[in-house]
Every structure is written in structure tokens, then in C-alpha cells.
Amino acid sequence: MLLVFYLFPFGQMKVIEHSEQVLRMALISKNTQLVKLYENLESREKCLLNEAFQPDSVLFRPITLHSESDWISSHPEPTQDFEQFYNDPYRSRPTSQKSTIYVQPIGSFGDTKVSTEDYMKWLKDYCEAFYYGLSVKILEPVPVSHTGCAFRVNEYTCNLQIHAGMGIFSFARYDSDFYSASYKGRLKRVKKLPSADYSVFDGYYTPAINSMLLLRSCKTLTHEIGHIFGLHHCQWLQCVMQGSNHLEESDRRPLDLCPICLRKLQSAIGFHIVERYQALLGWMDEDDSGMDAEFRNEAKMGLLKPVEAFKEYREWVLKCLDVLQK
């Protein structure tokens, strides 16, 4: 595969720009069977997917690397095109008998206006829209001690870190102050605890629920579940399946998939792309329509789903729907 790097002035940023031919091959392939599958898609779906190799596309743009600490710079990985994904014998394939995604919360949000149950409901509904056609079940929360995961206190940041061989992410890490000296969850230096002593997690600080935390959570949850379905880190275009080494890089990733990864997911699940985007739009808009007195009271208390940070994503989804509904 051909990668062309354009070095920006002052040597700060690089753009990964693939040729139209390379992107077309990654999306469609030369395999006769896969080309036929692509040709059998609805014309409006192909119109959107073809935006992948339109150089002036406003929907899908090349990946920009800001520093050597970015994921692609520091983690060389082979690319994964649609054909490689399709032929992967190890990827999870949903069936009528296996069509549920299970999410296991660990711990709770502690003393916040929004309960753990409310927040997980928002994530559940978003995940069902993103993985349209599958159901999502939130399991009962368990304490960290029930996981048996190893943990440590980072000697530099004094933050707790859990180590697990599975898709797991920490809400605390998406607090904007997590890596700063002012982070409220920083622990005093403690002696190394026995592996079975989880008392350090008792009453552990959890960040306030806000729109940015929800956006970051939706982004990371769907990214990690994408790996379960066999999607590798994306190196084609800006995409939620890009890897990230740090919060700044994660924030630069879009909330949704590039056309190549979208085709992978569609082939695995079988949704209509327009219905998926309509579901995502509905998730962002559901609290704005038909608000009764009870909902207005919840809004005053800050209990409604905070979607202010999703404004740019909402506008992007509308542009995609405009292409799909022409």
C-alpha cells in the first residue's frame, strides 16, 4: 500500500494521504465476489461510500499526525482493507442467535446528580444506534475486586491504573484534568498493595458527568467494541477506529467510521446505512422534542442527556443523510 506523507511547515504535522486508486481498492477490492457485493449495495449507499476517494470530500478527510507521540507514528501496524476484514476467520460474526453486545460496568459514579444507571442507559442507546440492528445489554455493576484485574498506582501521576486483557476503559481518564496536577483523584503515594487488596478503590473520586465526558465515552466504547467485530486500527481516513496514545489525540478522532470501516461493519451486521444515521441523529435529538413538564424539571436539575458536545457530529450526520436521501 502506498502512503504519501506531506510535511507541514515548521515540521510539526504530517498528513497521511492515500491515492484515489489505493482508497478505491481498500473499499471495493479486486476480488470478483466482493466487487459484486459492492455493486449490489443501494446506489445512495455507494454514493456515500464513494466519498472515500473524492479529494474534495467534506465528509471524510485524510489523517493528520500532530507529533511523533501519535499512535500511527509510534505503533507501526499493517493496514486492513475490506477484503482482509471480510476474509478474517477469527472476527466475531453476529447471528440471529448471537446478536447482543454485553457491557459490564465496574464500580459506580459515586455522588453525582446523574446515576450510574442513567449514564449507562445513554451509552446503551448510543451503542445500539452505532451498531444498528444489534441489541445492547448493560450488566449489573460490580466492584473492582470482583474482576480479579491487576492494578497499580502510577508512580508519576499517582493515578490508579487497572490492567486487563479485554476491552476496558476508565471514565476517570476522560476527565479533562486527569493528567494535570489539579486532578482530584490523585492519590497520595502509597506502599505497594497486595494484589488482592482493592481497598484503595473504596470511595475513589469520579468526575462530574458532562457533555464532553459523554462524548469521549461514546467514542471509546464504540472503538473498543469495533475491535471485537474484527475492525483493526484505521489508517485510511479520519475515523473513530484510529488508535490513540493520549487524550488530545483521542479528541481529534471523529465519532464515526470512515467509508472503508463503515463497509466492514455493514457487511458484518447487515444494516441499511441511512437507517443507522437516522438512529444516531435520533439519539442526539430525542430529549429536544415533545419535552413535557417532567422533562423540563429534569433539564433544570441537569439530569437530561448532555449532548452539547455532539453539535459538530450532529451537523456531520445531517450531511451524510443529505447524500443518502438525494
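A: Helices (H or I, at least four residues) and strands (E, at least two) are DSSP runs, numbered from the N terminus. Helix axes are lines fitted to C-alpha atoms over the stretch in contact, and angles run from 0 to 180 degrees between N-to-C directions. The model is predicted: local features need pLDDT of at least 70, side-chain atom pairs count only at pLDDT 80 or more, and totals for chains, interfaces and linings use all residues. Residues are numbered from 1 along each chain as its sequence is written, and side-chain values use heavy atoms, with hydrogens and water left out.

Helix α10 (residues 273-285) packs with α12 at an angle of about 150°, their axes being 10 Å apart. This angle makes α10 roughly antiparallel to α12, because angles over 145 degrees count as roughly antiparallel, under 35 as roughly parallel, 65 to 115 as roughly perpendicular and the rest as oblique. Contact means heavy atoms within 4.5 Å. On the α10 side the contact includes I273, V274 and Y277, and on the α12 side Y313, W316 and V317 are among the residues involved. By class, this contact has 13 nonpolar, one polar and two charged residues; Ala, Val, Leu, Ile, Met, Phe, Trp, Tyr, Cys and Pro count as nonpolar, Asp, Glu, Lys and Arg as charged, and the others, Gly among them, as polar.

Helix α10 also meets α9: the two axes come within 11 Å and cross at roughly 105°, which makes α9 roughly perpendicular to α10. Here L262, L265 and Q266 of α9 meet I273, R276 and Y277 of α10.

Helix α9 (residues 259-269) has a further partner in helix α1 (residues 20-28), with axes that come within 9 Å and cross at roughly 10°. That makes α1 roughly parallel to α9. The residues L23, A26, L27 and I28 in α1 meet P259, I260 and R263 in α9.

The account now turns to the pocket. On a 1 Å grid over the protein atoms alone, a cavity is a set of points where a 1.4 Å probe fits but cannot get out, and a pocket is an open set with protein on both sides within 12 Å along at least five of seven lines; lining residues have an atom within 4 Å of a point. The second largest pocket is lined by 22 residues, of which P254, L255, E312, Y313 and W316 lie nearest its centre. Helix α12 gives the largest share of this lining, five residues. By class, the lining has twelve nonpolar, one polar and nine charged residues.
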